[in-house]
Amino acid sequence: MCIPVIDLFSGAGGLSSGLIRAGFEVRAAVEIDSEAIETYTYNIGDIVLDKNIKEVSGAQLLNKANLIKGDMFLLAGCPPCQGFSSVGPRNKNDERNQLVFDFVRLINETKPWFILMENVAGMSKGIGKNIFKQACDQLEQEYLIKSQVVNTANYGVPQSRKRLVLHGIRKDIYKKYFPKDYEFEMPPETHEDKNSLSNNSKQSWTTVAIINDLPPISAGSCDETIPNHSCMKLIDKNIERIRNTPHDGGSRTDWPDKLGLACHKDNVGYKDVYGRMDSNSLAPTITAGCLAYSKGRFGHPTQDRAISAREAARLQTFDDSYVFFGSLSNIGKQIGNAVPPKLAEASGNHILEMIETYIYKTASQK
């Protein structure tokens with residue numbers, strides 16, 4: 001039996017993709033970006049409500065998903081997080097910061113058995129802390145919740161990416177099916193830094209080397225045999241700069257003085273900018289600007305270009321068969337804003353294990 005899912009703020013479908021891998025059935029989604037919707041529809045299905053979340057009611061969601069209020073299903077989502085993100089300016093007045101309360105509202109209007117939220121780590125601290133606490137206080141009226149900042153590398157994602165994950169189960173369901181001493185925890189980690197491996201059941205972190213078997217391409221070109229294996233153009237100056245950046249981890253600090261940027265003479269700034277990834281290490285956090293050489297350590301480990309959209313998608317753990325639509329810059333945004341499918345899959349597996357171990361087992365004994 002597949003457990004139904006409704007995915008809010010679905011974007012290009014990273015969360016849905018991971019939950020499908022785990023064995024869930026995604027029946028409805030909500031998104032307003034037209035290019036992300038095209039990507040989602042092609043890969044997941046024509047199940048998206050193209051509406052502003054503030055205009056969506058619980059009844060509409062339930063109708064779209066062919067569910068009744070209170071049914072056994074998972075409501076999942078990743079509310080926009082730009083106001084909390086450590087990348088770019090944090091703005092406590094960003095209207096998108098309040099969208100988490102629409103996530104809470106729709107939970108209250110649909111009463112799912114399980115909830116899942118993924119967001120930036122900054123949502124649980126700094127300017128996001130009070131908003132997150134208010135949302136949790138509202139959820140805890142009817143749900144038992146557990147939240148934790150996790151490193152996605154520990155779940156098989158080949159990048160250094162800290163994310164806030166929240167799991168929840170309706171209190172009446174918990175009381176009915178689960179033993180009193182059951183510890184409601186996060187999904188168990190599956191990977192660990194190879195230099196500190198202490199548990200034989202865990203695998204070593206996956207590294208940037210997973211992109212190295214893709215065909216070589218030059219800046220501004222594509223390989224038409226592989227979906228989305230295309231990359232941004234570079235101006236002549238940046239071509240010269242990346243050629244002077246050592247392979248596998250080199251940075252702009254390795255350039256001769258004549259290639260330096262004027263803005264860095266008196267202000268060192270972020271050293272990762274204009275850097276190359278290291279095949280033997282984790283990638284940096286894949287952001288919405290991940291296809292731009294100037295916006296982070298997004299240079300290819302050995303080729304003189306920025307990473308391609310397909311390489312960015314691999315680093316986010318999308319399957320190679322997952323096709324993205326839109327302009328190249330928008331595709332980068334879709335990939336960078338997505339929940340890494342492997343992280344979503346870990347949450348999905350954990351929730352399904354709870355269902356099979358306790359809910360189905362208890363029901364079969366009655």
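Two strands are taken to pair if DSSP finds at least two bridges between them; helices (H or I, at least four residues) and strands (E, at least two) are DSSP runs, numbered from the N terminus. The model is predicted, so local features need pLDDT of at least 70 and side-chain atom pairs count only at pLDDT 80 or more, while totals for chains, interfaces and linings use all residues. Residues are numbered from 1 along each chain as its sequence is written, and side-chain values use heavy atoms, with hydrogens and water left out.

**Sheet**

Seven strands form an open sheet with mixed pairing, in the order E3-E2-E1-E4-E5-E7-E6. Its edge strands, each pairing on one side only, are E3 and E6. Strands E2 and E3 run parallel and are joined by two bridges; Val30 has Leu49 in E3 as its bridge partner. Helix H3 packs on the sheet, where it touches E1, E2 and E3 (contact means heavy atoms within 4.5 Å). The direction of H3 makes about 140 degrees with that of E2. Axes here are lines fitted to C-alpha atoms, for helices over the stretch in contact, and angles run from 0 to 180 degrees between N-to-C directions.

| Strand | Residues |
|---|---|
| E1 | 4–8 |
| E2 | 25–30 |
| E3 | 48–49 |
| E5 | 114–120 |
| E6 | 143–151 |

**Helices**

Two packed helices are described by the angle between their axes and the distance between the axes. The axes of H4 (residues 100–110) and H5 (residues 129–139) come within 10 Å and cross at roughly 5 degrees. H4 is therefore roughly parallel to H5 (angles under 35 degrees). On the H4 side, Val100, Phe101, Val104 and Ile107 meet Ile131, Gln134, Ala135, Gln138 and Leu139 of H5. The residues of this contact divide into seven nonpolar, two polar and no charged.

Among the buried residues of H1 are Leu15, Leu19 and Ala22. Just after H1, Gly23 takes a positive phi of about 120 degrees.

**Glu118**

Glu118 lies in E5 and is buried, with a relative accessible area of 2%. Its side chain makes a polar contact with the side chain of Arg163 at 2.6 Å. Beyond residues up to four places away in sequence, Glu118 touches residues including Gly77, Cys78, Pro79, Leu164 and Val339.

Key:
Angles under 35 degrees count as roughly parallel, over 145 as roughly antiparallel, 65 to 115 as roughly perpendicular and the rest as oblique. Ala, Val, Leu, Ile, Met, Phe, Trp, Tyr, Cys and Pro count as nonpolar, Asp, Glu, Lys and Arg as charged, and the others, Gly among them, as polar. Buried means under 20% relative accessible area, exposed over 50%, partly exposed in between (1.4 Å probe, protein chains only). A polar contact is a pair of N or O atoms within 3.5 Å; within protein, one must be able to donate a hydrogen and the other to accept it, and residues adjacent in sequence count only if both atoms are side-chain atoms.
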